[in-house]
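Trainee: Could you take me through this model feature by feature, giving the general idea before the particular case?

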Amino acid sequence: MTRALIKVADIIKQGLAKKIVVLAGAGISTPSGLPDFRSPNSGLYDNLEQYSLPYAEAVFDIEYFVRNPVPFFQVAKKLYPGNYAPNSAHSFIKLLQDKNMLLRMYTQNIDGLERLAGIKEDKLIEAHGSFSTAACIACDKKYTADDIKADIFSDRIPKCTKCQNIIKPKIVFFGEMLPKRFMMHLQDLPMADLLIVMGTSLEVYPFSSLADAVSARIPRILINKKIAGTFKYSPRPNDLVHEGDIVEAIEQLTELCGWKETSLDC
Ligand code: OAD
Ligand code: ZN
């Protein structure tokens, strides 16, 4: 057990954390079998050679997508919701929600596992969008995930029935605006009394800036394989860092909080 987990559990047990904000990234979904983006070898960006991309992140670049949507749809086929289940990291956040301690969860993930774990829509900000809806890139005609699923799984580019342009899942690409709901951070983060950051390299702006938007008085904890972002480059005196596997950390934290009897199964 690290000091960081013990300290956070103490804060929670003392009832000092009633407005927790969680910031999450792909590292919370690797225990469900999904790849993250930037881990060497296993991360998605190290496994795109066959698409001859100019650079790995081009797979999520809107200008590149319009010219060549094939790599994105091949990746989408791999990541498409339906094949993965939430894990104890998601269940822990649901537990915070059930205990009325969760002010909001901001996730960069597009896998929909937060919703599957039961995190309510009003508690959740999917900052980088999701596969749940889609729209034509030209006329903006809306489609559901089911409308385009058969095309994606048959290696066809989904095309708009109205104008024949490409239908793109509502995932936020580089070069696109974040959803309007993301702006809720302006009100949420100054209000937070504990910030839990988990499974993210904090490398993508503006999401990464959320970690700096909380009051300097409140504790921020990072649970991640390795220290990242603001915790590394602009640390604050009451920061807490737990370097290790997310599932192991969550199991320890659950036990330290005295919540072990509460099942984390989804
Ligand atoms: P990254 O792949 O950049 O970072 C994931 C972090 O999780 C890394 O620091 C890993 O070390 C850590 N990690 C992985 N598995 C873990 C485990 N089992 N336990 C603990 N830590 C673990 O993913 P994100 O930060 O989510 O954008 O990336 C942010 C954005 O970049 C994504 O939303 C995506 C990407 O481009 C879009 O899709 C638009
Ligand atoms: Zn159209």
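Trainee: Is C139 buried, partly exposed or exposed, and what is its relative accessibility?

Mentor: Buried means under 20% relative accessible area, exposed over 50%, and partly exposed in between, with a 1.4 Å probe and protein chains only. C139 has 28% relative accessibility and therefore counts as partly exposed, whereas C160, at 0%, counts as buried. Bear in mind that this is a predicted model, in which local features need pLDDT of at least 70 and side-chain atom pairs count only at pLDDT 80 or more, while totals for chains, interfaces and linings use all residues. Side-chain values use heavy atoms, with hydrogens and water left out, residues are numbered from 1 along each chain as its sequence is written, and chains are lettered from A and ligands numbered from 1 in the order in which they are written.

Trainee: Which protein atoms are the donors of the zinc ion (ligand 2)?

Mentor: Donors are N, O and S atoms within 2.8 Å of the metal (3.2 Å for Na, K and Ca), and since water is not among the atoms, sites may look incomplete. Here the SG atoms of C136, C139, C160 and C163 lie 2.3 Å from the zinc ion (ligand 2), and along the chain these donors follow the spacing C-x2-C-x20-C-x2-C. C139 sits in the loop between β4 (129-136) and β5 (142-144) and C160 in the loop between α6 (145-153) and β6 (167-171), so the pair ties together parts that are 21 residues apart in sequence. Helices (H or I, at least four residues) and strands (E, at least two) are DSSP runs, numbered from the N terminus.

Trainee: What is the geometry of the site of the zinc ion (ligand 2)?

Mentor: Four donors count as tetrahedral if all angles lie between 85 and 135 degrees. The angles among the 4 donor atoms of the zinc ion (ligand 2) are 95 to 121°, and the site is tetrahedral.

Trainee: Which residues of helix α1 are buried?

Mentor: An α-helix has 3.6 residues a turn, so residues three or four places apart point the same way. In α1 (residues 3-13), the buried residues are A4, L5, V8, A9, I11 and I12. They cover an arc of only 160° (taken from the directions from the helix axis to the C-beta atoms), which puts them on the same side of α1. With contact meaning heavy atoms within 4.5 Å, these buried residues pack against β7 (194-198), β8 (220-224), β9 (239-243) and α9 (246-256).

Notes:
Tetrahedral: all angles 85-135°; square planar, octahedral: opposite > 155°, others 65-115°.
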